[in-house]
Amino acid sequence: MPTIGISMIAHNEERQIANALQSSMFADDIVVVNCESTDKTAELAKTFARVRLFERPNNKNLNVNKSYGFDQLTTDYIFYLDPDEIITPELAAEIRQAISSDKYVAWKLPRRNIFFGRWLAHGSQYPDLQLRLFKRGCASFANQHVHEMLQVNGETGQLQNAFEHHPYPEIADYLRKMIFYTGFQAEFWNNSGISTGFFNTLRYMFFRPYFRFMRRYLLKQGFRDGWQGFVAAAGDAFQTIFSYGRFLEMRNRKP
């Protein structure tokens, strides 16, 4: 029987990590990389006897520590799980079945994004396919950008059951994470040397946010998800504006 390991990184996730770890108990090994948490994240992880806890600096590029977590596992297969995500019993059973078939080296699976207590079924928020399950040694991150996808060496399949994602229990959580992601994107643009000229400013401050909102909220029917759908679509558009604004701020800052 092939073995499966769960890898997770966490920074100040005391509110949700217990649910994520509880849903991972079907796995043969569980690794949690604690990234300088100042709350009870590490203490909660230690209450699960099967969890192996590691300490690492809180790198802004989250994929660096994700890669570190992968390296600590010796199981045949690896599933990466965020501390605000939950694997359902149905998905756990399908994962076991998939790795036993040995048909693919990696699998994508749908994710249910739950914003402010509501599952967003529209607005490009579902099925939100994620590549999370892979054969050890057959997938890796380039570790260049926080939103990059795993690079797979081999054929990829797809699972049917979804896992749950609870990134924003409250709007305050949304704003807090937006500050992090816009700061990372601004630094990425700054280090990449992109131009601050007229056309890029128009692109990132107007055209891209406008069309992203129209696509998510109208074309993809985000309006069907109530006020939560509107906030999600508007927030996605404003995140691009704020990222570019912070990039301009960096460029204009005196040494």
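There are 30 aromatic pairs in this structure, counting rings of Phe, Tyr and Trp (its six-membered ring) whose centres lie within 6.5 Å. This is a predicted model, so to speak of method first: local features need pLDDT of at least 70, side-chain atom pairs count only at pLDDT 80 or more, and totals for chains, interfaces and linings use all residues. Residues are numbered from 1 along each chain as its sequence is written, and side-chain values use heavy atoms, with hydrogens and water left out.

A pair of aromatic rings is described by the distance of the centres and the angle of the planes. Planes under 30 degrees apart count as stacked, over 60 as edge-to-face, and the rest as tilted.

Take Phe-79 and Phe-163. Their centres are 6.1 Å apart with 85° between the planes, an edge-to-face pair. Phe-79 belongs to strand E4 (residues 77-80) and Phe-163 to strand E13 (residues 163-168), so this pair ties together parts that are 84 residues apart in sequence. Strands here are DSSP runs of E with at least two residues, helices are runs of H or I with at least four, and both are numbered from the N terminus. Phe-79 is buried at 0% relative accessible area, and Phe-163 is buried at 0% too. Buried means under 20%, exposed over 50%, and partly exposed in between, with a 1.4 Å probe and protein chains only.

Next, Phe-206 and Tyr-210. Their ring centres are 5.9 Å apart and the planes meet at 10°, so the pair is stacked. Both sit in helix H6 (residues 198-219), 4 residues apart, which is about one helical turn. Phe-206 is partly exposed at 43%, and Tyr-210 is partly exposed at 40%.

Ring pairs also join Phe-115, Phe-116, Tyr-168, Tyr-174 and Trp-227 into a cluster.

Now a charged residue. Where does Asp-225 lie? Asp-225 is in the loop between H6 and helix H7 (226-252). Asp-225 is buried yet has no salt bridge, and the nearest side chain of opposite charge, Arg-118, is 4.3 Å away. A salt bridge needs a side-chain nitrogen of Lys or Arg within 4 Å of a carboxyl oxygen of Asp or Glu. For charge, Lys and Arg count as positive, Asp and Glu as negative, while His and the chain ends are not counted. Leaving out residues up to four places away in sequence, Asp-225 touches Arg-118, Trp-119, Leu-120, Ala-121 and His-122, where contact means heavy atoms within 4.5 Å.
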